[in-house]
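Please have the sequence and the structure open while reading.

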Amino acid sequence: MTAIELNLVPALCAAFDDGSLQLHYQPEVDLRNGSVPAMEAFLRWQHPDRGLMSPSQFMPVAEAAGLSEQVGRWVLRTAVAEARTWHEMAAGTAIRPPRLWVNVTADQLTRPSFAIEVEQLMHGRALPPGALGLEFTEQTLGLARVGVPRLLARLRSFGPAIGVDGFGTWYASLSTLDVLPLDMVKIDGRFLHAMQRDLEGEAVLASIITLAHRRRMVVTAEGVDSVVTASRLAAMHCDRAAGRLFCPPVPTDDARMIALGRGRPNRWRQRSRPAGAAAGGGTSRTAPTPADRATATGTIPMPTPAAVS
């Protein structure tokens, strides 16, 4: 650890209590109707001098300082508490908040107490089944492969949905969809790039979507940043997409507005409408960002609250 990294340790230790360690949330948009049936939590650290930092900038320091396990527990506890808040805010209404997906590391999955922690959090916060989702990368599942199907089934029995993130980045084996008890498959961005390059890449992606649907799994594409990609995914019956085309990860207050169907994500632009025009002929409720202007030519209706699925 360098001297500069060493200087981060005291501030990181304090971040657990001073509010500078945060979760931001990115909507996953239903490509059929524009609703937001799910959101994903992303870890951020608002450093007093360096500004907003992503995990790649500070998690190596946390690991070297022996804080990675504490960070993982903090993320899970905070996500469960936020999911509970969404449901409390929606109480007495017809709104069913989005499922909140949380990334789980290999260290967490292989810890003997992890399943018990999940059970206690779910029951302690009285979260309804499906309100939370646990996301594992292919690499995480591979490193913890002994007894993984049984462990995932046990976690699932406590109420969370189970998903595999970045599908195709490690083993890229379709047999994974047969062996593991999964509710969601998140397609890695490289398949989207391959789809744009040639028909072979598109055929591979189509086969993943078809097989996942046969297993009654939801398919989500991540890193979607253009109307062309979103339209092709919709034509291939991909269920959901996330990316800056719709909305980047946003802070808690913005995420709560989305969870209640009252705010972003930014509208998906369609080529059939002029830039800035709303689906009903009015003006956009959200000022376009530079990324919006680069991709925007029209809109679909604003996202609406969706059932947890």
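## A buried charged network

In this predicted model, a salt bridge joins the side chains of Glu 40 and Lys 186, with an N to O distance of 2.6 Å. The two partners come from distant parts of the chain, Glu 40 lying in strand S2 and Lys 186 in strand S7, 146 residues apart, and both of them are buried.

Lys 186 also meets the side chain of Glu 135 in a salt bridge, at 2.9 Å from N to O. This pair likewise links distant parts of the chain, since Lys 186 belongs to strand S7 and Glu 135 to strand S5, 51 residues apart. Lys 186 counts as buried because its relative accessibility is 1%, and Glu 135 is buried as well, with a relative accessible area of 1%. Salt bridges that share partners join Glu 28, Glu 40, Glu 135 and Lys 186 into one network.

The structure holds twelve salt bridges, and one of them is formed by the side chains of Arg 256 and Glu 82, at 2.8 Å from N to O. Here Arg 256 sits in helix H13 (residues 252-259) and Glu 82 in helix H4 (residues 68-89), 174 residues apart. Arg 256 counts as partly exposed, because its relative accessibility is 25%, whereas Glu 82, at 6%, counts as buried.

## Strand S4 and its neighbours

Strand S4 (residues 99-103) is mostly covered, with four of its five residues buried. Three bridges join S4 to strand S2 (residues 38-47), and these two strands run parallel; within this pairing, Ala 38 stands opposite Arg 99 of S4. S4 is also joined by four bridges to strand S5 (residues 132-137), again in parallel, and there the bridge partner of Trp 101 is Gly 133.

## Helix H11

Helix H11 (residues 199-214) has 16 residues and reaches 22 Å from its first C-alpha to its last, close to the 22 Å expected at 1.5 Å a residue. Its buried residues are Gly 201, Leu 205, Ile 208, Ile 209, Leu 211 and Ala 212. Among the elements that cover these residues are strand S6 (161-167), strand S7 (184-187), helix H10 (189-197) and helix H12 (227-235). H11 is followed by Arg 216, whose phi is positive, near 60 degrees.

## Cysteines

The structure holds zero disulfides. Cys 238 is buried, with a relative accessible area of 4%, and Cys 247 is buried too, at 0%.

Terms used
Residues numbered from 1 in each chain as written. Predicted model: local features only at pLDDT ≥ 70, side-chain atom pairs only at ≥ 80, totals over all residues. Heavy atoms only, no water. Expected span 1.5 Å × (residues − 1). Buried < 20%, exposed > 50% of the residue type's maximum accessible area, 1.4 Å probe, protein only. Contact = heavy atoms within 4.5 Å. Disulfide = S-S within 2.5 Å. Pairing = 2+ DSSP bridges. Salt bridge = Lys/Arg side-chain N within 4 Å of Asp/Glu carboxyl O.
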